[in-house]
Amino acid sequence: MGKRGLSLITLAAIPMFVLGACGQTSNASPTPSTEPSSAAQGSAASASSGAITWFVGLGSGTQPNQIDAEKAFVASYNKLNKDGITITLKIVPHDSAYDVLKTDIARGDAPDLIGPVGVKDRNGFEGLFLDLTQEIAKNNYDVKAFADPAVEFFRDSSGAQIGLPYLVNSGYIWYNKDAFAKAGLPNLPTTVGEMYQGKTWDWNALGAVAAQLTLDKKGKKSTDSGFDKANIVQYGVDFQGLDARRIGSLFGSGSFVDSDGKTATIPAVWAEAYNWYYDAIWKSHYAPNATVEASALLNQGNSMASGNVAMSAAWGTSISSLWDSKTSTAKMKSWDIGVIPSWKGNTTSPMDADTFVIAKASKNPDAAFKAMVAIEADPTLMQDYGGLPVKASAQAAYTQSMDATLSPIFPGIKVTWSVLNEMLMHPASPSDQVTLPASTQATTDYGALLTKLQTKDGLDVNAELTKLQAILQADYAAVQPLNQ
């Protein structure tokens, strides 16, 4: 989900729901509200003791099943909580939520609690969320229940703890076990630091495995004499649907903007990642170019489901793409997940992560924090939002639900879900989704570089990166720096 524009629009044009203590919506169906009472109700609630507004829509939370779960939670919580807290639920369509929230904050009508929200969803609201450090201490909240890397991931660029660890989709290497078995290759490592075939599991080792798994129409591997690169029927590795920042972050943490918020930079480790990726496409031929990616061979961009790619960098959100949703059938029968390879001794996993935040302008942060903790502990909401719970005690329900979904489609499958926790310990930080100056233009420009890497043979990758840095610097110079 991309960042919304900064233009402000009137609330009268935005369909929204408001649910108060009675547990009923102000509208029976999602029709536009033209009455100002929705916003006024939220403002009045926040001003009274123990009353808060929960804003939903900036991230996930607006699917029908999620809305039902949110309404049910609010009705129950308002009736049963012993802290005298009343939640008013304000649900705004995702496409409008950025502008509505900006408007609310600008006019002094900020909601108290906002979520769930991911990293990208928070872009544009820098400095507007409460540092939870004091609330954590005041409420004796045990952050030690989470691994330190997970806690640190939910801090902003200033070091403020703006969210608590909640739900994540960490990266991993998905692989087709049938392809591996046919090639006589063992399963991939499932713990960081584990060796593979007696060698360090790094990106060069993955490339060597990918080369053995890349086959032409006569069954020759990419390393065999006479291999026909024009007629490849199985590719060793893909990076399905990933943008340039996420590909770079698989090799190491970084950003296209320096810590000053205004200087364009190309992290050295990302330059190495792009050179590796480019060579995998055009020199070693074990990764598909853009034309092949969009072809019927690789299922028009859904290569993992095609049965014709042996490995792919993937996330939990990509699992549902492995089968035909209409027929619940899949072209491959057996697959699993392994840890992301290291690069020069470091392992990093780009990560999608949802949390809840409290507006810095909240009139009742104490009540908002208590309500937030209760919301994040609710198992129904947790399941409906999706993603791996960071809290270990809640993970069994997630994996059991995933197994129940997968078993009819992949009979006998046993996914090594522990890999997700391994990757959670090695998040790429800063996140590949943090905001950039001139975000829209910058995204277009680094996207153009990735397209060029995927479509043009014979490039000098480092020269192209030098050009990109100059282009991004021009983009950034046209806007106010991030830290001003």
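Predicted model: local features only at pLDDT ≥ 70, side-chain atom pairs only at ≥ 80, totals over all residues.
Helices and strands are taken here as DSSP runs, numbered from the N terminus. Once neighbours within four places in sequence are set aside, the contacts of Met 332 comprise Trp 174, Asn 176, Asp 178, Met 304, Ala 305, Gly 307, Leu 322 and Phe 410.

The structure contains 24 aromatic pairs. One of them joins Tyr 196 and Trp 201 in a tilted arrangement, with 5.3 Å from centre to centre and 55 degrees between the planes. Tyr 196 is buried at a relative accessible area of 5%, and Trp 201 is likewise buried, also at 5%.

A stacked pair is formed by Trp 203 and Phe 239, whose ring centres are 5.9 Å apart and whose planes make an angle of 25 degrees. Trp 203 belongs to helix 8 (residues 203–213), while Phe 239 sits in the loop between strand 10 (232–234) and helix 9 (244–249), so this pair ties together parts that are 36 residues apart in sequence. Both Trp 203 and Phe 239 are buried. Ring pairs also place these two residues in a cluster with Phe 251, Trp 276, Tyr 277, Tyr 286 and Trp 343.

Rings meet charged side chains as well. Lys 102 lies over the face of Phe 125, 5.0 Å from the ring centre. Arg 246 is placed over the face of Trp 315, at 4.6 Å from the centre of the ring.

Attention can now turn to empty space. Rolling a probe the size of a water molecule over the atoms shows where such space is left. The second largest pocket holds about 190 Å³. Its lining consists of 13 residues, and those nearest the centre of the pocket are Lys 229, Ile 232, Tyr 235, His 285 and Asn 289. Sorted by class, the lining of this second largest pocket comprises eight nonpolar, three polar and two charged residues.

Note on methods
Residues numbered from 1 in each chain as written. Heavy atoms only, no water. Phe/Tyr/Trp six-rings, centres within 6.5 Å; stacked < 30°, edge-to-face > 60°. Buried < 20%, exposed > 50% of the residue type's maximum accessible area, 1.4 Å probe, protein only. Helix = DSSP H or I, 4+ residues; strand = E, 2+ residues; numbered from the N terminus. Lys NZ or Arg CZ within 6 Å of the ring centre and 35° of its normal. 1 Å grid on protein atoms, 1.4 Å probe; cavity = no way out; pocket = protein on both sides within 12 Å on 5 of 7 lines; lining within 4 Å. Points joined across faces, edges and corners; volume = space filled by probe spheres on them. Nonpolar A, V, L, I, M, F, W, Y, C, P; charged D, E, K, R; others polar. Contact = heavy atoms within 4.5 Å.
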